[in-house]
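Please keep the sequence at hand while reading.

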Amino acid sequence: MEWTEAIREAILYIEKHITEDITMHDVAAHVNVSPFYFHKGFSILCGYSITEYIRNRRLSLAGQELFTSDITVMELAIK
């Protein structure tokens with residue numbers, strides 16, 4: 001599997017499991033790459049680390065939910 005395909009598969013995996021407790025190790029295992037090389041390759045190709053990507057996606061989804069629903073910040077934080 002080439003790097004661009006591995007990154008694409010990783011992002012699809014992250015999006016599918018974004019509400020679960022996933023780690024960089026889980027994602028690297030899914031695309032069959034060592035965590036060290038996956039972290040390095042993801043950072044080089046995407047410009048930020050895998051953990052930053054996961055955190056930013058979760059924050060984006062939380063902001064979207066705050067904007068489109070009546071959920072409170074406290075309820076969202078617990079969720």
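A salt bridge is a side-chain nitrogen of Lys or Arg within 4 Å of a carboxyl oxygen of Asp or Glu. By this rule the count is one salt bridge. The model is a predicted one, in which local features need pLDDT of at least 70 and side-chain atom pairs count only at pLDDT 80 or more, while totals for chains, interfaces and linings use all residues. Residues are numbered from 1 along each chain as its sequence is written, and side-chain values use heavy atoms, with hydrogens and water left out.

**Overall fold and confidence**

- The protein chain has five helices and zero strands, where helices (H or I, at least four residues) and strands (E, at least two) are DSSP runs numbered from the N terminus.
- In sequence order the pattern is α-α-α-α-α.
- The C-alpha trace spans about 45 × 20 × 15 Å along its principal axes.
- Of the 79 residues in the protein chain, 27% are buried; buried means under 20% relative accessible area, exposed over 50%, and partly exposed in between (1.4 Å probe, protein chains only).
- The pLDDT, the predictor's confidence in each residue from 0 to 100, averages 91 over the protein chain, and 99% of the residues score at least 70.
- Confidence is lowest in helix α5 (residues 73-78), with a mean of 81, and highest in helix α2 (residues 24-30), at 95.

**Helix α1**

- Helix α1 has 14 residues and reaches 20 Å from its first C-alpha to its last, close to the 20 Å expected at 1.5 Å a residue; the expected span is 1.5 Å times one less than the number of residues.
- Its buried residues are Ala6, Ile7, Ala10, Tyr13 and Ile14.
- Seen down the axis of α1, these buried residues fall within an arc of 125°, so they line one face of the helix; the arc is that of the directions from the helix axis to the C-beta atoms.
- An α-helix has 3.6 residues a turn, so residues three or four places apart point the same way.
- The exposed residues Thr4 and Lys16 sit on the face of α1 turned away from its buried side.
- Tyrosine 13 counts as buried because its relative accessibility is 17%.
- The C-alpha atoms of tyrosine 13 and valine 31 are separated by 9.1 Å, with the two residues 18 apart along the chain.

**Helix α4**

- The 19 residues of α4 should span 27 Å at 1.5 Å a residue, and the end C-alpha atoms are 27 Å apart, which agrees.
- Ile50, Tyr53 and Ile54 are the buried residues of α4.
- They cover an arc of only 100° around the axis, which puts them on the same side of α4.
- The face of α4 turned away from its buried side carries the exposed residues Leu59 and Phe67.

**The salt bridge**

- Arginine 57 forms a salt bridge with glutamate 15, and the closest N and O atoms are 2.8 Å apart.
- This pair links distant parts of the chain, with arginine 57 in helix α4 (residues 50-68) and glutamate 15 in helix α1 (residues 3-16), 42 residues apart.
- Arginine 57 counts as partly exposed at 22% relative accessibility, and glutamate 15 counts as partly exposed at 28%.

**The nonpolar patch**

- Trp3, Phe36, Tyr37, Ile44 and Leu45 form a nonpolar patch on the surface, with about 600 Å² of accessible area together.
- Patches are made of residues with over 30% relative accessible area and no salt bridge, with like charges joined within 9 Å and nonpolar side chains (Val, Leu, Ile, Met, Phe, Trp, Tyr) within 5 Å.
- Accessible areas come from the Shrake-Rupley method with a 1.4 Å probe, and for residues only the protein chains shown count as cover.
- Helix α3 (residues 35-46) supplies the largest share of the patch, four residues.
- Phenylalanine 36 is in helix α3 and counts as exposed, at 55% relative accessibility.
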